[in-house]
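Have the structure open as you read.

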Amino acid sequence: MRSGIPTINLPAQPEKPVPDTSTSAEGLQAVLDNLDALVYVSDFETHELLYMNAYGRRIWGSIDGRKCWQALQDSDGPCSFCTNDLLVADDGTANAPHVWEFQNQLDQRWYQCRDQAIQWTDGRLARLEIATDITERKNMELALHEAHERARAAAFEDELTRLRNRRAFFEFGNQLLSRALRQQSPMALIMMDLDHFKQVNDTHGHEAGDEVLRKVSSTLGENIRDYDILARMGGEEFALLLPETTEQEALDTAHRLLSALTSLTVDYRNHAIQISASFGITRLGRQDQRLEDLLHRADRALYRSKELGRCQVNLDAPL
């Protein structure tokens, strides 16, 4: 019966002798010395260098009985980032090669390293590392990452005042709201609007208005905590989210900011521009689930301040 598995009948003895294709030690040395990468072997226990190819000797010098950490890092002890413990399993068998990247502090170059435990010619356990210089590629990656971070930061930053913008306010504000709801911690929101700002633009020009907005933003930033969220919501309107803040603490903050602004004079082309602002405050209530709930009440309190004559603080507490 045929099994369906193909078979091949091989001769018992090869018809022609198989040529010896093994590479000589000199040939292997020639290959390693022409690699555009560092290849070295060190004793697993003593870290003594047992071999280094020509690429490595050109940069780090001859072995001369040195330890790997002496030659490669100019250090006085084993490297804190040594990967030897990752190369051998608990039962003494070799793990799969470990591939990683790091910046050599001696030459400031970036390398991709392939580390592996091997048995040396005399039977001892040794570490084989092949390190390829990836500095140009890494610098490009870092530059792209930095450009990405700058672009992301720009997307969350008000170009004129350098404060957070409306998008950033909701992005970070919702995170703080979720934490406050989860931890049942207090939180307050202050909305602020500059009084008669249109008159500044109409009387002194939009450049004067821009200078006022910059000075106001700087003054507000100097009078709040590092972890408060201050944002320009648009035009002359600002929002300030205060985590871990009670209603009374928010009222105290608003009055302090109002005092700082009314004491501020913006000098623009020999004109002294006085500042006035209206504030609306609310705190996180038991029924609040969205940031918009707080914004609605704070806005309502802000417009009450304007209706009552401006340059004051009003509160709209949740039910």
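Predicted model: local features only at pLDDT ≥ 70, side-chain atom pairs only at ≥ 80, totals over all residues.

Residues are numbered from 1 along each chain as its sequence is written, and side-chain values use heavy atoms, with hydrogens and water left out.

The chain is assigned domain 1 (23-134) and domain 2 (156-313), with bounds from an automatic or database domain assignment. Their centres, taken over C-alpha atoms, sit 59 Å apart.

Now for helix 7 (residues 197-204) and helix 8 (residues 206-222), whose axes come within 6 Å and cross at roughly 140°. Helices here are DSSP runs of H or I, at least four residues, numbered from the N terminus. Axes are lines fitted to C-alpha atoms over the stretch in contact, and angles run from 0 to 180 degrees between N-to-C directions. On the helix 7 side, Phe197, Val200, Asn201 and His204 meet His206, Ala208, Gly209, Val212 and Leu213 of helix 8, contact being heavy atoms within 4.5 Å.

Helix 8 also packs on helix 9 (residues 247-262), at about 140° with axes 10 Å apart, so these two are oblique as well. Here Val216, Thr219 and Leu220 of helix 8 touch Leu257, Ala260 and Leu261 of helix 9.

Note on methods. Parallel < 35°, antiparallel > 145°, perpendicular 65-115°, else oblique.
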